[in-house]
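User: I have a complex open and want to go through it piece by piece. Can you take some questions?
Analyst: Go ahead and show it.

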Amino acid sequence: MSEHAIEVILNGRPVRARVESRRTLGDFLRRDAGQTGTHLACEHGVCGACTVIVDGEAVRSCLMLAVQADGRKVTTVEGLEASDGSLHRVQQAMQDAYALQCGYCTPGVVMTLAAALEANPKPTEPDLMEALSGHLCRCTGYQGMMKVAKRLAGGGE
Amino acid sequence: MNDVPNATRFVGQRIPRKEDRRLLTGHGAFTDDVPIAGALEACFVRSPIAKGRIVRVDAAAARQMPGVHAIYTVADFEPLNAVVAAAGGQGVNQPRMGLLAIDDVRFVGDPVAIVVADNRYLAEDAANAVLVDYESEDAVVTIAQARVGAPAHRELDNNLGVGARSADDDPELDALFAKAAHVVSHTINHRRLTHAPMEGRAVASVPTGAGELTVYVSCQSPQQMARFISEAFNLPNANVRAIAKDVGGAFGQKISPGREELSVIAASLMLRRPVKWAEDRLESLTCAYTGREQEAHFKMAFDADARILGGHIELHSNVGAYPAGIHANALVTTLFPGPYRVARNGFKSEVWYSNTTGLAAYRGPWAMESLARETLLDVAARQIGIAPEEIRARNLITREDQPYRMCTGPVLDHVTPRETLALALKKIDVAAFREEQAEARKKGRYIGLGMAVYVEPTTMATAGVLSSETAYVRIEPTGKVIAMMSTHSQGHGTETTMAQVIADSLGVPFADVSVVEGDSSRGGFGAGAGGSRQAVLGGGSARLACQKLLEKLKLVAAHVMNSQPEFLEVADGKISVRGEPEVFQTVKQIAQIAYLTPSRMPPGLELGLESQARYRPDTPIIFSNASHACTVEVDVETGLVKILRWVAVEDCGAIINPSVVEGQIAGGVVQGIGEVLMEDMAYDDLGNPRAATFKDYLTPTIHDVPLIEYDHLETPAKNEGGFKGVGEGGAIIGPPTLVNAIADALAPFGVELTQIPLSPDYLLKLLEGRTPAHAG
């Protein structure tokens, strides 16, 4: 299995590594870069738990190879918090709405919403609901997430 | 007792969860998130056939592959003398079970060998290179096959795991049916489903030099895991430390370790190195414990006024090859009468082994009692020609009937089935809906209203490991409160709810209380999550421990303040003389004295501020109850069901945190929606699982569920704090509520819904060739 040198700007810092070509971005983030906030839950692109932001786009890190992230900017859930420790508004809205229980799928949900707001600071509620349609959660019945979509729509806090 | 409403400051409030920040920022500690130096990774070689003999395992080439440390079959584990817990659990017709397959395989996915390598990629490479020859045999897959087919387990004579019936001959019940004006029968074939927690099973086993073992494991109670592991490997209990800080859902699947977790531990003991395994989704869906598969035939006898005379339920469960020591048929038959006046009830129950993945508890494992009874009541209402709310009104027990001894044994008390139903029906507005329904039918649109009422047996502290929970609470010299609890959260939020109870009980700020769970070396013996019991037993033990601690705090403070304990009150972390708030000592000041200044302590009093209490309520089963109602539209062209509204009126006694309670209800209801509309862990004729990815095993998405409307009644039971459990209820009452709504929508077609799930293809098959009766 061939190995490749890659450099990824991960949460604002350059990370250099040698990875096998078959290594997924998700495994690279968790195993090589120590960013275990990204969770792998289906590893076939359905559940959305492993979503990270690559060059501004929400990406399933189980379906992207680490070598494909070479030279790109990757943001994981660990990179969302402000330097003063205050939560990103998506994180705050999630907490306020009790939108998580076990928290395993949560990082992916947060990243999808963060990417959606980055792409369009004033999304509609249906836009956000559409974005959330690609996430599976087994605990909450999505009740809190629906409230989050409503709250964040139109750029609301 | 029952003084919560008066003393409340944090209990009853929608307080944000302490768990959330770490989980929202990616700093949770799920099993596979824990960094372990030098950890190897495991992968299993699994059977591709449902039944057959293992002729040969050739791992020679695989052992030579890069990064491979070991490949073990069950024979290699012999030096460990591991004891694997019996599968059936009930002591009847137990199959032989090894950590891995012994010399035959009994379901697709049966683990045959474990490969340990530098990482999972290399372990999978090697697993694919292990050659296993099988001599395939005919598998039994369904209940029908299990009845007549060859034994799924070759050492057993047949497939009947456990059989039971109330009485072969019950003339009294027969007489009730004979004199009945109406006898209504119904059937439900409930197909298999699976828990599908977002985090699959995971374990990291770290042996240390001194014969000690630290096991990070995704589970429902680290205390119980440590116990299971120490028993399996003959290790002193104190040598095994099980840690589960964050767990990504369990729902009954992670009560006991599977053979895989035990095999990973065995491999780590053999290699004397840390070994970890986090199952992938294929393993989680096809090899982890499953739930529910049951065939139920049931009937009720009614008099001319539609009053229930008696009931009977016959139940067959397919528990697969190696079930997790549980089948809930006894509870199904016990609870079948529900909160209704039923004079006599009979049952027959049979549990069947098959060559499929084993069954375990799934959120409300006895839920068939509500699904059967509530769907039958709707069938009866249609047959007799009265409204579904009317047949319930004529039969539900009242407050005056309580305590009400069910004919099957349990005593119902402090429950509000009538009150919750009245509220639910008011909220959904039955009259307005019926008008809308009649109009819709004229236009060829089929909308329906469903309702269901149930009582939920929570706490389950009758005997065994569920009997009690414990809390060890201490005020540290810093004035902060630490509670070591035997409760455990897989999303339940007990770090928050238990802190609310403790803050109120001691009179300290919520922020000053930390609840420590998830580590068997800290929490005492307890069963953790399972049986909807943590609010009652965790909350109760926390309150008792705090009462003792508060007494001591006041003793010390009274001595320091030249007062008497009975004149003191504690609020917001300050101890003051009642009526003189300006004269106070802080909890921190008193705590420092208690630990650090013996000369200022009352003579003879032990230093420190520490307390422990173990709690079991006088009534070991605390019943909570609820009534739900929902409306749906069924597209008769596509078979798709759209849920329009969902009303949940729950009575779980004194509520600790309404948002947490609603989270439990919603999670259960939505699992119930998945159960009724889409979840189907199907097997083909050869026993191959037909759902291997989340594209085949469908669970609800955000677009499949309504925003649930809640109402709460708070009728306390006579236990410490007046709390009742609420964890499983949504998954119990959700399915009959939804099935009844769909049946109501399709009533003009005269179809009977006898399968779960009510998938679009099932509904279309039922509707094929049928035309609706004239809209009325």
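User: How many residues of domain 1 of chain A are in contact with domain 2 of chain A?
Analyst: 16 residues of domain 1 of chain A are in contact with 14 residues of domain 2 of chain A; two residues are in contact if their C-beta atoms, placed from the backbone, lie within 7 Å. This is a predicted model, in which local features need pLDDT of at least 70, side-chain atom pairs count only at pLDDT 80 or more, and totals for chains, interfaces and linings use all residues. Residues are numbered from 1 along each chain as its sequence is written, with chains lettered from A and ligands numbered from 1 in the order in which they are written.

User: Which elements of domain 1 of chain A give two or more residues to that side?
Analyst: Those are β3 (51–54) and β4 (57–60) of chain A, strands being DSSP runs of E, at least two residues, and helices runs of H or I, at least four, numbered from the N terminus. β3(A) has the largest share, three residues.

User: And where are the domain bounds in chain A?
Analyst: Domain 1 is 3–79 and domain 2 is 89–152; the bounds come from an automatic or database domain assignment. Their C-alpha centres lie 21 Å apart.

User: Switching to chain B. How far apart are the centres of domain 1 and domain 2 there?
Analyst: 38 Å, taken over C-alpha atoms. In contact are 20 residues of domain 1 of chain B and 18 residues of domain 2 of chain B. On the domain 1 side, α16(B) supplies the largest share, seven residues.

User: What about confidence, what is the mean pLDDT of chain B?
Analyst: The mean is 95, and 98% of the residues of chain B reach 70 or more; pLDDT is the predictor's confidence in each residue, from 0 to 100. Over residues 1–7 of chain B, though, the pLDDT is below 50. Where pLDDT is low, the predicted coordinates should not be read in detail.

User: Last one: how many residues of chain A are in contact with chain B?
Analyst: 41 residues of chain A, with 41 residues of chain B. Elements that each supply at least two residues of the chain A side include α3 (106–119) and α5 (143–152) of chain A. The predictor gives the complex an ipTM of 0.98 and a pTM of 0.96.
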